[in-house]
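Subject: Structure handover

Hello,

I am passing on the structure we talked about. Please open it beside this message; my notes on it follow below.

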Amino acid sequence: MSMDAVVYKGEREVAVEAVEEPQIEHPNDVVIDITTTCICGSDLHMYEGRTAAEPGIVFGHENMGIVEEVGEAVSGLEVGDRVVAPFNVACGFCENCENGYTGFCTNVNPGFAGGAYGYVAMGPYQGGQAEKLRIPYADFNALKLPDGREHEDSFSLLADIFPTGWHGTELANLESGDSVAIYGAGPVGLMAAYSAKLKGAAEIYVVDRVPSRLALAEEHCDATPINFEEGDPVEQIKEIHGGGVDKGVDAVGYQAIDPDKEADSAYDPARENPAVVINNLIRTVRPTGELGIPGLYVPDDPGAPDEMAAQGRLGIDFGLLFEKGQALGTGQCNVKEYNRKLRDMIIEGRADPSWVVSHRVDLEDAPEMYEKFDNREEGVTKVLLEP
């Protein structure tokens with residue numbers, strides 16, 4: 001049997017093609033019928049040819065749907081259950097999983113700490129930008145949701161960006177009453193700002209260059225928007241705040257744009273400086289403050305602006321970091337650490353992250369939406385696909 005799926009064809013090209021439907025491969029697997037799957041900013045790294053992803057990979061690590069088939073060893077799920085899957089594929093019983101570090105499972109992807117659906121080097125797990133998806137270790141990995149279609153958009157964000165935004169504030173040890181600067185107003189940056197609001201941050205500053213994204217941060221997160229094309233963002237924040245903020249979050253990663261560099265277009269790789277956001281955070285955050293870095297960094301970047309960055313080696317102002325006595329936390333989100341309580345906040349009306357969703361379209365529209373999202377077009381913030 002075959003199904004439609006979003007298949008990577010090469011640099012800046014995806015297509016919806018027929019691929020084999022997933023099957024139960026282990027007694028603890030389930031297969032779900034996808035109801036919503038999302039395009040993620042980290043998918044763009046593969047889409048742009050900035051990873052070792054080979055043509056043929058099926059994208060999609062933000063997935064939810066209805067259980068269609070259940071392995072004989074599954075005990076907590078039944079056919080018809082509505083579930084959302086963390087982007088992390090985790091076993092549940094290795095040392096890291098037992099300690100809550102499900103983003104760094106040592107069993108699901110031999111030779112590498114961590115697995116994910118539809119992502120280069122993250123294991124043999126087909127992505128969910130398709131009609132169906134196999135969830136391994138399903139009792140552990142699938143989070144049950146209330147039946148029906150209520151909160152569909154919000155629940156789909158539990159697969160990645162809402163927990164990842166929350167994780168960014170956790171890495172920085174954000175507490176109520178803190179001031180925080182968040183670099184990046186893409187989906188994760190917006191969710192980090194929203195998480196800061198939910199946690200009771202006193203002041204929230206969000207740095208980006210896309211006016212529509214900054215407007216969302218101002219409207220939904222009570223954030224002060226900072227456009228880095230209009231001047232040094234560090235100085236802009238300090239002018240308003242009167243000094244360094246308590247905490248900082250990097251929601252950009254290694255393809256950060258340096259406003260001091262000029263190029264033919266706003267997102268030309270010639271404008272990239274993979275260290276610029278971390279260095280700006282070091283300058284933005286006060287002495288003894290803390291930095292959370294959930295933005296993606298890689299050990300190898302074939303499209304890097306220089307040879308050092310191609311090896312994942314960045315020119316970090318470590319001397320200033322040391323001088324200021326700052327602490328930092330890094331790494332991808334352990335989604336299971338947060339998704340249950342964030343689900344319950346959505347159910348109880350304490351949180352509703354669906355405002356970040358700008359588009360819900362048919363799976364067949366994925367190639368067009370990848371192009372729009374990659375171009376950071378105005379009004380394109382979070383794209384959901386519906387097979």
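Please keep in mind that the model is predicted. The span itself comes from UniProt, where an unreviewed entry lists residues 187-256 as "domain: Alcohol dehydrogenase-like C-terminal".

Next, the strands around β11. Strand β11 takes in residues 203-208, and five of its six residues are buried, so the strand is largely enclosed by the rest of the structure. Strand β10 (residues 179-183) runs parallel to β11 and is joined to it by five bridges. Within this pairing, Tyr183 has Val207 of β11 as its bridge partner. Between the two strands the chain passes through α6, and this β-α-β crossover is right-handed.

β11 also pairs with strand β12 (residues 224-227), again in the parallel sense, over four bridges. Here Val206 stands opposite Pro225 of β12. The chain gets from β11 to β12 by way of helix α7 (residues 211-221), and this β-α-β crossover is right-handed as well.

Setting aside its neighbours within four places in sequence, Val206 is in contact with residues including Ile182, Ala193, Leu214, Ala223, Pro225 and Ile226.

Val206 leads on to the nonpolar cores. In soluble globular proteins, nonpolar side chains tend to be buried together. The largest nonpolar core here has 67 residues. Val206 is among those with the most contacts inside this core, along with Leu158, Phe162, Ile204 and Tyr370. Helix α6 (residues 187-198) gives the most to the core, with seven residues. Why does this core lie between domain 1 and domain 2? Domain 1 (2-160 + 334-385) and domain 2 (161-330) both give residues to the core, so it lies between them.

If you want a place to start, I would look at Val206, which stands opposite Pro225 and is one of the residues with the most contacts inside the largest core.

Regards

Technical notes. Residues numbered from 1 in each chain as written. Predicted model: local features only at pLDDT ≥ 70, side-chain atom pairs only at ≥ 80, totals over all residues. Heavy atoms only, no water. Core = buried A, V, L, I, M, F, W, Y, C linked by side-chain atoms within 4.5 Å. Buried < 20%, exposed > 50% of the residue type's maximum accessible area, 1.4 Å probe, protein only. Domains from an automatic or database assignment. Contact = heavy atoms within 4.5 Å. Pairing = 2+ DSSP bridges. Right-handed = clockwise from strand over helix to strand, strands pointing away. UniProt positions renumbered as here; feature names shortened; annotations may be inferred.
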